[in-house]
Amino acid sequence: MAATAYSTALLGGARLAGVVGGAAVPPSAVLLPRRNSTSPLRFQDAPRLSLLRVKASSDDTSAASGDELIADLKAKWDAVENKSTVLTYGGGAIIALWLTSVIVGAINSVPLLPKIMELVGLGYTGWFVYRYLLFKESRKELADDIESLKKKIDGTE
């Protein structure tokens, strides 16, 4: 096994010198490893692929947008009249999410039940597509149903 190793690097389209056996090699002499051919590939012959370009910027908008977000959330929280209700609903939502995760995990551990649930889901998806998405009239009906639901949630209906 040969102890000769070739190393190359490409950084932002610039060629860097390689090191062969501890000695620095100029960029023009850096070779790529052989690929089942008799002639070595020179670095200049290799295709230049520039997949990632990074540009430095002194504009720090992430910190400003973070501060704006925190200020906006604080203003909205101060505008809430019944904070205990919001905290109760938020806590209930977190507990419901956790409980749902536990139930799904328990159902998933039963050997045959996940496949049956997949079949039920596929059947419902097929019915939904046939009922609401296949024909123009039914798509319009679905859009009207969604709009009426939005109005009920907004309280404008």
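## Salt bridges, a helix crossing and a nonpolar patch

E118 is partly exposed, since its relative accessible area is 46%; here buried means under 20% relative accessible area, exposed means over 50%, and partly exposed lies in between (1.4 Å probe, protein chains only). This is a predicted model, in which local features need pLDDT of at least 70 and side-chain atom pairs count only at pLDDT 80 or more, while totals for chains, interfaces and linings use all residues. Residues are numbered from 1 along each chain as its sequence is written, and side-chain values use heavy atoms, with hydrogens and water left out.

Let's start with the overall layout. The protein has four helices and four strands, and from the N terminus on they run β-β-β-β-α-α-α-α. Both kinds of element are DSSP runs numbered from the N terminus: helices are H or I with at least four residues, and strands are E with at least two. Of the 157 residues, 6% count as buried. The accessible surface comes to about 13600 Å², and 64% of that belongs to carbon and sulfur atoms; accessible areas come from the Shrake-Rupley method with a 1.4 Å probe, and for residues only the protein chains shown count as cover. Among contacts between residues at least 6 apart in sequence, 16% join residues at least 24 apart, a contact being heavy atoms within 4.5 Å.

Side chains of opposite charge can pair when their charged atoms come close. The structure holds five salt bridges, each defined as a side-chain nitrogen of Lys or Arg within 4 Å of a carboxyl oxygen of Asp or Glu.

| Salt bridge | N to O distance |
|---|---|
| K76 and D72 | 3.9 Å |
| E118 and K115 | 3.8 Å |
| K150 and E147 | 3.5 Å |

E118 and K115 are three residues apart in helix α3, so about one helical turn separates them. K115 counts as exposed because its relative accessibility is 54%. In helix α1 (residues 61-79), K76 and D72 are four residues apart, which means that they too are separated by about one helical turn. K76 is exposed, with a relative accessible area of 52%, whereas D72 is partly exposed at 38%. K150 and E147 sit three residues apart in helix α4, so about one helical turn lies between them as well. K150 is partly exposed at 45% relative accessible area, and E147 also counts as partly exposed, at 41%.

Now to how α3 and α4 meet. The axes of α3 and helix α4 (residues 136-154) come within 6 Å and cross at roughly 95°. That makes α3 roughly perpendicular to α4. On the α3 side the contact is made by F128, R131, Y132 and L133, and on the α4 side by S138, R139, E141, L142 and D145. The axes are lines fitted to C-alpha atoms, for helices over the stretch in contact, with angles from 0 to 180 degrees between N-to-C directions. Angles of 65 to 115 degrees count as roughly perpendicular, under 35 as roughly parallel, over 145 as roughly antiparallel, and the rest as oblique.

S138 is buried, with a relative accessible area of 8%. Leaving out residues up to four places away in sequence, S138 touches R131, Y132 and L133.

Finally, the nonpolar surface. V110, L112, L113, I116, M117 and V120 make a nonpolar surface patch of about 510 Å². Patches are made of residues with over 30% relative accessible area and no salt bridge; like charges are joined within 9 Å, and nonpolar side chains (Val, Leu, Ile, Met, Phe, Trp, Tyr) within 5 Å.
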